[in-house]
Amino acid sequence: MAVPELPEVETIRRQLAPLVEGRTLARLHIADARWCLPLAPEAVADAVQGRRVERLARRGKYLIWELADDVFLLMHLRMTGILLYDPPPGAPYERVRFELGDGHVLRFCDPRRFGTGELQIGTGARDAFLAARLGVEPLSGELTGASLQRMARGRRAPVKAFLLDQRRIAGVGNIYADEALFRARVHPLRPAGRLTRAQWDALAQAVRDALDAGLAAGGATIDDYRDADGARGSFQDEFLVHRRRGEPCPVCGTPVVKLVAAGRGTYACERCQPRPRRRRAVATP
Ligand SMILES: [Zn+2]
């Protein structure tokens with residue numbers, strides 16, 4: 001199951017920002033109380049209703065409504081959440097409805113109900129919430145080979161698991177991790193602590209390149225992801241290796257293989273991305 005990653009959330013943000021910024025969030029109707037647990041829907045609605053939307057921001061995979069007086073509503077779409085702007089009547093699985101002062105409506109529809117809404121009041125509370133969950137923002141200047149190598153020092157977990165850890169790099173999920181590892185010619189099962197500095201430099205650049213390619217295509221559409229108009233991104237047509245098992249590698253023609261890394265279906269070309277050499281098993285007491 002694919003979930004929205006940074007390019008998909010950023011695509012939604014870019015589309016919605018001009019439609020909501022400067023408007024008033026007149027009414028928030030939370031139909032599913034699970035969305036904002038542990039807060040009650042009325043408490044969240046009372047805190048945000050009537051406030052001007054100063055900015056629609058993003059950090060990692062969180063979409064952030066920055067409202068007047070430093071009130072923040074942080075949305076995570078999780079697996080199947082979509083935000084639809086003025087959809088035709090009868091949009092299924094509606095959990096939350098945002099009514100804007102200009103008469104337009106945003107509906108958050110989420111068949112599997114994993115999406116969440118978090119209220120944070122004050123920039124300090126917002127920053128603490130995000131800092132506890134998210135590492136570097138990959139499209140900022142913070143993502144460098146040096147910083148990645150420092151974070152990975154001594155870690156034996158596969159580099160794929162390292163890339164998926166949101167507390168290290170925010171916003172990279174299964175699609176973009178596979179694409180970045182292929183671009184950097186690094187095998188997904190290589191222990192993170194054993195990459196060379198040159199490999200980290202290549203990987204930092206490859207993460208940015210893969211995310212940029214996703215953004216340029218309006219994100220990827222797999223299963224449930226749609227952008228704010230209900231349209232679908234096209235990046236899935238441009239995957240280099242992800243979900244391309246058995247197809248020729250775009251660089252060398254070797255069939256792409258599917259393996260499991262970090263518990264996730266993972267795609268690689270084992271010619272371009274050589275497997276780490278097996279070390280002799282060491283007996284443990
Ligand atoms: Zn190849």
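**Helices H4 and H7**

I looked up where H4 meets H7 in this predicted model: Gly145, Ala146, Leu148, Gln149 and Ala152 of H4 touch Arg197, Trp200, Asp201 and Ala204 of H7, contact being heavy atoms within 4.5 Å. Helices are DSSP runs (H or I, at least four residues) and strands likewise (E, at least two), numbered from the N terminus. I noted 5 nonpolar, 2 polar and 2 charged residues in this contact; Ala, Val, Leu, Ile, Met, Phe, Trp, Tyr, Cys and Pro count as nonpolar, Asp, Glu, Lys and Arg as charged, and the others, Gly among them, as polar.

I then read the geometry: the axes of H4 (residues 145–152) and H7 (residues 197–216) come within 8 Å and cross at roughly 120°. Axes are lines fitted to C-alpha atoms, for helices over the stretch in contact, with angles from 0 to 180 degrees between N-to-C directions.

**Salt bridges**

I found 24 salt bridges in the structure, each a side-chain nitrogen of Lys or Arg within 4 Å of a carboxyl oxygen of Asp or Glu. I examined the one between arginine 27 and glutamate 99, whose closest N and O atoms are 3.5 Å apart. Arginine 27 belongs to strand E1 (residues 24–30) and glutamate 99 to strand E6 (residues 94–100), so the pair ties together parts 72 residues apart in sequence.

**Conventions**

I record that residues are numbered from 1 along each chain as its sequence is written. Local features need pLDDT of at least 70, side-chain atom pairs count only at pLDDT 80 or more, and totals for chains, interfaces and linings use all residues, while side-chain values use heavy atoms, leaving out hydrogens and water.
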